Amino acid sequence: MKRDKKRWEKFFSLSRHRRRFGAELKSLDGDYEALKTSIIDGGEVVQTRGSGDDVNAHFEALRSEFSGQPELVFEHARLIVLIRRDFKAEEAFTELKKMWEAEEEFLLEHLNLRWIVAATDSFADLDPAPENRATALSIGLMVNTMKTYESERYIKNIGDEEVDQSKVEHLSRHLVPIFSGLSMLTIGTDDTLRNMRWRIDRQAKEGLLGRVLKHVFIRLQTEDNAFARVKALHRRERTSWW
């Protein structure tokens with residue numbers, strides 16, 4: 001695996017300097033109300049994929065992605081872009097953290113999972129508190145695990161095949177190994193996800209990132225992924241996790 005470069009090595013990277021050229025960190029001074037009510041008119045919504053060297057072209061593309069949404073979510077994305085391009089990253093993170101502390105409910109309501117995870121990745125990289133970095137990392141770990149197996153399903157043309165009820169019945173009666181001592185869930189009754197949800201609920205009582213973790217986990221139960229598909233087959237109320 002290729003190692004992450006040290007900061008002094010990144011300093012001598014020409015591409016790093018090209019990607020930062022023209023960048024500017026604007027102070028919002030905690031004044032979010034106007035940004036929450038001002039709506040972006042960026043034409044047709046087009047989701048960005050990747051980014052070029054020109055930071056200002058990247059920002060223009062993001063305005064299209066957030067067309068029809070409040071300016072605050074664009075400013076949130078702008079801070080993350082500056083962090084990714086390592087332009088005054090610590091200062092940009094301070095602004096990002098202040099925004100989340102002040103507007104947590106608004107951001108969770110208006111951001112999609114992509115940008116929530118982008119924010120928590122920034123916490124995992126830059127928050128000075130190790131417990132915050134660990135909780136933030138767990139959010140990205142959960143979502144990226146889902147993205148990994150959903151990508152595998154896509155490339156293998158695995159679709160909405162009917163559930164094999166004989167295998168569901170087999171799992172209810174037998175331990176089915178996966179590897180290294182791990183075994184399949186007992187579909188319909190298993191308490192694994194219920195117990196994980198209890199742990200997440202305890203984390204949610206401890207601070208901002210715990211609440212974000214809970215929010216992301218709950219949202220995953222409503223989208224088409226393994227959590228929701230297993231949820232649809234669950235029949236034991238006392239081990240439900242939603």
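Tutor: Before we look at any pair of helices, a crossing is called left-handed if the near helix is turned anticlockwise from the far one by less than a right angle, and right-handed if clockwise. This is a predicted model, in which local features need pLDDT of at least 70 and side-chain atom pairs count only at pLDDT 80 or more, while totals for chains, interfaces and linings use all residues. Residues are numbered from 1 along each chain as its sequence is written, and side-chain values use heavy atoms, with hydrogens and water left out.

Student: OK, so how many helices and strands does the protein chain have?

Tutor: The protein chain has 12 helices and zero strands, where helices (H or I, at least four residues) and strands (E, at least two) are DSSP runs numbered from the N terminus.

Student: And how much of the chain is buried?

Tutor: Of the 242 residues, 41% are buried (under 20% relative accessible area with a 1.4 Å probe; exposed is over 50%, partly exposed in between). The chain exposes about 15,100 Å² by the Shrake-Rupley method with a 1.4 Å probe, and carbon and sulfur atoms supply 53% of that area. Among contacts (heavy atoms within 4.5 Å) with a separation of 6 or more, 64% join residues 24 or more positions apart.

Student: Switching to packing, which way does H6 cross H7, left-handed or right-handed?

Tutor: The axes of H6 and H7 (residues 113–126), which are lines fitted to C-alpha atoms over the stretch in contact, come within 11 Å and cross at roughly 135 degrees between N-to-C directions, on a scale from 0 to 180 degrees. That makes H6 oblique to H7, since angles under 35 degrees count as roughly parallel, over 145 as roughly antiparallel, 65 to 115 as roughly perpendicular and the rest as oblique. The crossing is left-handed.

Student: Which residues in H6 meet H7?

Tutor: On the H6 side they are Ala89, Phe93, Leu96, Lys97, Trp100 and Leu108, and they meet Ile116, Ala119, Ser122, Phe123 and Leu126 in H7. This contact divides into nine nonpolar, one polar and one charged residue (Ala, Val, Leu, Ile, Met, Phe, Trp, Tyr, Cys and Pro are nonpolar, Asp, Glu, Lys and Arg charged, the others, Gly among them, polar).

Student: What about H6 with H11, at what angle do they pack?

Tutor: Helix H6 (residues 89–110) and helix H11 (residues 208–220) pack at about 10 degrees, with their axes 11 Å apart, which means that H6 is roughly parallel to H11. Trp100, Glu101, Glu104 and Leu108 of H6 make this contact with Leu208, Arg211, Val212, His215 and Arg219 of H11, a set of four nonpolar, one polar and four charged residues.

Student: And H8 with H12, what's the angle there?

Tutor: The axes of H8 (residues 130–155) and H12 (residues 226–233) come within 10 Å and cross at roughly 85 degrees, so H8 is roughly perpendicular to H12. Met142, Tyr149, Glu150 and Arg153 of H8 are in contact with Ala226, Phe227 and Arg229 of H12, giving four nonpolar, no polar and three charged residues.

Student: New topic, loops: where does Lys88 lie, and what is its phi?

Tutor: Lys88 lies in the loop between H5 (71–84) and H6, and its phi is near 45 degrees, a positive value in a residue other than glycine. Lys88 is partly exposed, with a relative accessible area of 41%.

Student: Then Asn157, is that buried or exposed?

Tutor: Asn157 is exposed, with a relative accessible area of 68%. Asn157 lies in the loop between H8 and H9 (165–173), and its phi, near 55 degrees, is a positive value in a residue other than glycine.
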